[in-house]
Amino acid sequence: MKKTDLATIIGLTGGAIVLIWGMAKGSDIRLFWDFPSVLITVFGSFAAMLINHDIGQVKNMFKNIDIVFSSSGREPVEVIEIFAELAKKARREGLLGLEDDIDRLDDPFFAKGIQMMVDAIDPEVIRNILDTDIDYTAGRHEENVGVIKSWAALAPAFGMIGTLIGLIQMLANLDDPSALGPGMAVALITTFYGAVLANFILIPIAGKLEKRSADEVLIKSLILEGIIGIQSGLNPRILEEKLKAFLPKFKVVAQVDAGRKHEGVALDG
């Protein structure tokens, strides 16, 4: 079940309020609106981005942009707890007893892995199939991030192009000194639009997509190792500790002192 990402909402709202307050303070906010500048900066950079990428890549980017505002709501710890329960159930009822749990996470990747395990498919085959799925997922997300980063790199450049266009037009009217001030303001607006589009919208969105990709790959990796662990008959407690090793906040610390080995869990950082 997806849940709204409050950090994204708060960030966009707070940033917009600060920008609008800064523009309105001491001047007429309408000074910051110029439709030709919007066309040059937003649509110009978008058109250049289309040249750089296939239309299918751009469509996929827009199709997946909604994950910036929501997350799956599934925490890695929840997945680990589920696999600890499944491992205990498999010990009591055998692997066939897990068939009823195929839809447990409402995840096609999880369902496919459990089904292959119940069908007694070789563990290496399962690992290869699920690893391929993980690699494809990571590659697809990387492609979406690349499209947005490309757009973010082009936006300030088109802002500068708009500024140059405005300056040329302004210099062509040097015989009217009263028009220089307003003309310079309009010329600079495109640079402003480019900076806002790149640094307030596109770059943060790319960063959030990278975070979502890392989260999804982590969940899929936990599911893969959990399935292989259950199929190999791993002790539920050992399986749980093995899966915890995937979490960034856990690190297994092994020390050998005077022939004795101590193991513990410590926080990273």
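**View 1. Contacts of I114 in the predicted model.** Beyond its neighbours within four places in sequence, I114 touches L86, L98, I102 and I227, a contact being heavy atoms within 4.5 Å. The model is predicted, so to speak of local features needs pLDDT of at least 70, side-chain atom pairs count only at pLDDT 80 or more, and totals for chains, interfaces and linings use all residues. Residues are numbered from 1 along each chain as its sequence is written, and side-chain values use heavy atoms, without hydrogens and water.

**View 2. The largest nonpolar core.** This core holds 30 residues, and F83, L86, L98, I114, I223, I227 and I230 have the most contacts inside it. A nonpolar core is a set of buried Ala, Val, Leu, Ile, Met, Phe, Trp, Tyr and Cys residues joined through side-chain atoms within 4.5 Å; buried means under 20% relative accessible area with a 1.4 Å probe, protein chains only. Two or more residues come from each of helix 4 (76-93), helix 5 (108-118), helix 6, helix 7 and helix 8 (236-244), helices being DSSP runs (H or I) of at least four residues, numbered from the N terminus. Helix 7 contributes the most, eight residues.

**View 3. Lining of the largest cavity.** I67, H141, N144, V145, L209, R212 and S213 form the lining, that is, they have an atom within 4 Å of a point on the 1 Å grid where a 1.4 Å probe fits but cannot get out. Helix 6 (123-171) and helix 7 (180-231) each supply at least two lining residues.

Terms used: On a 1 Å grid over the protein atoms alone, a cavity is a set of points where a 1.4 Å probe fits but cannot get out, and a pocket is an open set with protein on both sides within 12 Å along at least five of seven lines; lining residues have an atom within 4 Å of a point. Buried means under 20% relative accessible area, exposed over 50%, partly exposed in between (1.4 Å probe, protein chains only).
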